[in-house]
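Please keep the sequence and the 3D view open while reading.

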Amino acid sequence: MKDEWEKPYYRRLRDYLKSEYRSHTVYPDMNDIFNALKYTPYSDVKAVILGQDPYHEPGQAHGLCFSVKKGVPPPPSLVNIFTELQNDCGVRPPPHGELTDWAKRGVLLLNTALTVRRGCANSHRGIGWENLTDRVITLLNAREKPLVFILWGANARAKIGLLRAPNHITLTAAHPSPLSANRGGFFGCGHFSKTNAFLREKGQEEINWEINGEV
């Protein structure tokens, strides 16, 4: 990725973000923007869960899609994710919504846009983040070691055209938000067990989906 930081689009993005962080409340904290890449090195990725953009209310976003910091109530989408995980694998929901354990075990929790203005969902869509995150997806798709791409919702499924390598698997379902999940298509998708079945078939260690319960 080192070449990306010098490309014109990223320099424009960086300048835009400097202005945004000065004049608005923007999430996550600047030091947390790239946590997904920090916690889950390229060679360690076993699965990618692709989100849209960070949560846009105070104290929630910390650089991992669908995850919130400990002490913050899990948002409805995350509650539904935990419900599906329990139904699929028998893993009980943790007392918090921080998914750092997953990230450290090879689950890349990547949003397509990595920042957002407070209270304004999708406010940083189209400012350049997609160039960067598409590059991340493309590099992972080019990797020889098999991995699982998990795409929930229309925005995530829009990236399916980047995923052509036959050595990986792509799992798609409705978004876990209450409106989409309750319409059918997310609950019962079985993506957690299907991910581990694929990894097992490819001779890789399965993902431990249990999250440390300490708050």
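Which side chain meets that of Lys7 in a salt bridge? The partner of Lys7 is Glu4, with N to O at 2.7 Å. A salt bridge here is a side-chain nitrogen of Lys or Arg within 4 Å of a carboxyl oxygen of Asp or Glu.

## Basis of the report

This is a predicted model, in which local features need pLDDT of at least 70 and side-chain atom pairs count only at pLDDT 80 or more, while totals for chains, interfaces and linings use all residues. Residues are numbered from 1 along each chain as its sequence is written, and side-chain values use heavy atoms, with hydrogens and water left out.

## Salt bridges and charge

The count of salt bridges comes to 8. Glu4 and Lys7 also belong to a network of salt bridges that takes in Arg135. The classes are buried for under 20% relative accessible area, exposed for over 50%, and partly exposed in between (1.4 Å probe, protein chains only).

Glu6 pairs with Arg11 in a salt bridge, N to O at 2.6 Å; Arg11 is partly exposed, with a relative accessible area of 39%. Another salt bridge joins Arg200 and Glu206, whose closest N and O atoms are 2.4 Å apart. Arg200 is partly exposed at 49% relative accessibility, and Glu206 is partly exposed at 34%.

Over the protein chain there are 27 positive and 22 negative side chains, and the centres of the two sets lie 4 Å apart. Lys and Arg count as positive, Asp and Glu as negative, and His and the chain ends are not counted. Each charge is placed at NZ of Lys, CZ of Arg, CG of Asp or CD of Glu.

## Fold and dimensions

The protein chain holds 8 helices and 6 strands. Their order from the N terminus is α-β-α-β-α-α-β-β-α-β-α-β-α-α. The protein chain is as compact as a globular protein of 215 residues, because its radius of gyration is 17 Å, close to the 17 Å of the globule rule. That radius is taken over C-alpha atoms, and the rule is 2.2 Å times the number of residues to the power 0.38. Helices (H or I, at least four residues) and strands (E, at least two) are DSSP runs, numbered from the N terminus.

Along the principal axes, the C-alpha atoms fill a box of roughly 45 × 40 × 35 Å. Of the 215 residues, 50% count as buried. Among contacts (heavy atoms within 4.5 Å) with a separation of 6 or more, 65% come from residues 24 or more positions apart. The accessible surface is about 10400 Å², and carbon and sulfur atoms make up 48% of this area. Accessible areas come from the Shrake-Rupley method with a 1.4 Å probe; for residues, only the protein chains shown count as cover.

## Backbone points to check

The peptide bond from Tyr27 to Pro28 is cis, with omega near -5°. Pro28 sits in the loop between β1 (26-27) and α2 (35-39).

Phe66 is not a glycine, yet its phi is positive, at about 70°. This residue lies in the loop between β2 (47-51) and α3 (76-89), and Phe66 is buried at 10% relative accessible area. Asn122 also has a positive phi, near 65°. Its place is in the loop between β4 (116-117) and α5 (129-141), where Asn122 is partly exposed at 28% relative accessibility.
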